[in-house]
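Colleague: I have a new chain open and would like to go through it with you. Can you take my questions as they come?

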Amino acid sequence: MAGEEPTSIEAIRAELRPSIRPNEQGQRWAKKWTVQARQRARERHRQLSEKSAALFLKHDTDTSGELTRDQVAAIMKELDDGKDPSSDEVEFIMRMARAPKSPQDALTLKQFTVAVATWECYIKEFAPDSSAVEGSIEEAFKTFDTDNSGRLSYEQLKELMQTLEGGRTHRAPRYVSDIDVEWLLSKADIVGDGQLNKKE
């Protein structure tokens with residue numbers, strides 16, 4: 001149209017440019033997500049603390065301020081819909097709750113809160129009807145537990161680690177040494193029998 005100045009390329013670019021640059025938008029989204037994630041984490045912790053405190057008061061019948069192994073086992077049964085926990089499961093929960101302290105046969109409220117969180121996580125992961133089981137830790141454990149002992153020996157654990165390393169990248173997998181296996185056992189073998197069970 002006569003009398004109008006031609007639109008410059010820079011003006012067109014400015015018109016097409018978003019009001020918020022992608023990087024800035026991503027940073028704002030990340031900040032918002034982080035805040036929401038922290039809020040959800042605080043809420044989960046609050047619910048866990050309240051639930052643990054109620055269970056603690058219910059089963060601390062002698063008002064000693066601690067729960068014995070038998071009392072913890074009873075709570076584990078209650079949380080698992082009446083299914084009795086095995087002795088290995090009770091031992092694992094007791095040790096996890098007191099880590100890194102030496103194991104004893106009683107838990108304080110703070111330690112018991114850790115025990116409840118650990119046990120509920122274990123139930124969710126290994127429940128037979130859980131959708132999380134397929135293709136997860138349970139399936140991996142079964143694959144390498146070739147003797148169906150319920151535990152991974154040193155050799156079975158090493159084979160598992162080698163398989164995981166093989167799928168880590170498209171490059172050649174990192175060599176898994178005996179030191180790597182021994183280090184993992186030293187960190188994960190809570191029960192202390194030189195093997196890893198599913199809970200560990």
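This is a predicted model: local features need pLDDT of at least 70, side-chain atom pairs count only at pLDDT 80 or more; totals for chains, interfaces and linings use all residues.

Colleague: Where do Trp119 and Tyr122 lie?

Modeller: Both are in helix α5, which covers residues 109-126. They are three residues apart, about one turn of the helix.

Colleague: How are the rings of Trp119 and Tyr122 arranged?

Modeller: A pair of aromatic rings is described by the distance of the centres and the angle of the planes. For Trp119 and Tyr122 the centres are 5.3 Å apart and the planes are at 25°, so the pair is stacked. The cut-off for stacked is under 30 degrees.

Colleague: How many aromatic pairs are there in the whole structure?

Modeller: The search finds two.

Colleague: Let's step back. What is the secondary structure of the protein chain?

Modeller: There are eight helices and four strands. Along the sequence the pattern reads α-α-β-α-α-β-α-α-β-α-α-β.

Colleague: How much of the protein chain is buried?

Modeller: Of its 200 residues, 30% count as buried. The accessible surface is about 14,000 Å², and 53% of that belongs to carbon and sulfur atoms.

Colleague: Which residues have the most contacts inside the largest nonpolar core?

Modeller: That core has 20 residues, and the ones with the most contacts inside it are Leu67, Val72, Met76, Ile93, Leu107, Phe112 and Trp119. Helices α2, α3, α4 and α5 each supply at least two residues of this core. The largest share, six residues, comes from α5.

Colleague: What does Val72 touch?

Modeller: Leaving out residues up to four places away in sequence, Val72 touches Leu67, Ile93, Met94 and Leu107. Val72 is one of the buried residues of helix α3 (residues 69-79), along with Gln71, Ala73, Ile75 and Met76.

Colleague: What follows α3?

Modeller: Asp81 does, and its phi is positive, near 55°.

Colleague: Which residues of α4 are buried?

Modeller: They are Glu89, Val90, Glu91, Phe92, Ile93, Met94, Ala97 and Arg98.

Colleague: How far apart are the end C-alpha atoms of α4?

Modeller: They are 17 Å apart. Helix α4 (residues 87-98) has twelve residues, so at 1.5 Å a residue it should span 16 Å, and the two values agree.

Colleague: Change of topic: His59. Buried or exposed?

Modeller: His59, which lies in helix α2, is buried, with a relative accessible area of 14%.

Colleague: What does the side chain of His59 make a polar contact with?

Modeller: With the side chain of Glu78, at 2.9 Å. Setting aside neighbours within four places in sequence, His59 is also in contact with Leu67, Gln71, Ala74 and Ile75.

Colleague: Last one. Where does Glu159 lie?

Modeller: Glu159 is in helix α7 (residues 154-166). With a relative accessible area of 43%, Glu159 is partly exposed.

Colleague: How far is the C-alpha atom of Glu159 from that of Phe144?

Modeller: The two C-alpha atoms are separated by 7.6 Å, and the residues are 15 apart along the chain.

Conventions
Residues are numbered from 1 along each chain as its sequence is written. Side-chain values use heavy atoms; hydrogens and water are left out. Rings of Phe, Tyr and Trp (its six-membered ring) pair if their centres lie within 6.5 Å; planes under 30 degrees apart count as stacked, over 60 as edge-to-face and the rest as tilted. Buried means under 20% relative accessible area, exposed over 50%, partly exposed in between (1.4 Å probe, protein chains only). Accessible areas come from the Shrake-Rupley method with a 1.4 Å probe; for residues, only the protein chains shown count as cover. The expected span of a helix is 1.5 Å times one less than its number of residues. A nonpolar core is a set of buried Ala, Val, Leu, Ile, Met, Phe, Trp, Tyr and Cys residues joined through side-chain atoms within 4.5 Å. Contact means heavy atoms within 4.5 Å. A polar contact is a pair of N or O atoms within 3.5 Å; within protein, one must be able to donate a hydrogen and the other to accept it, and residues adjacent in sequence count only if both atoms are side-chain atoms.
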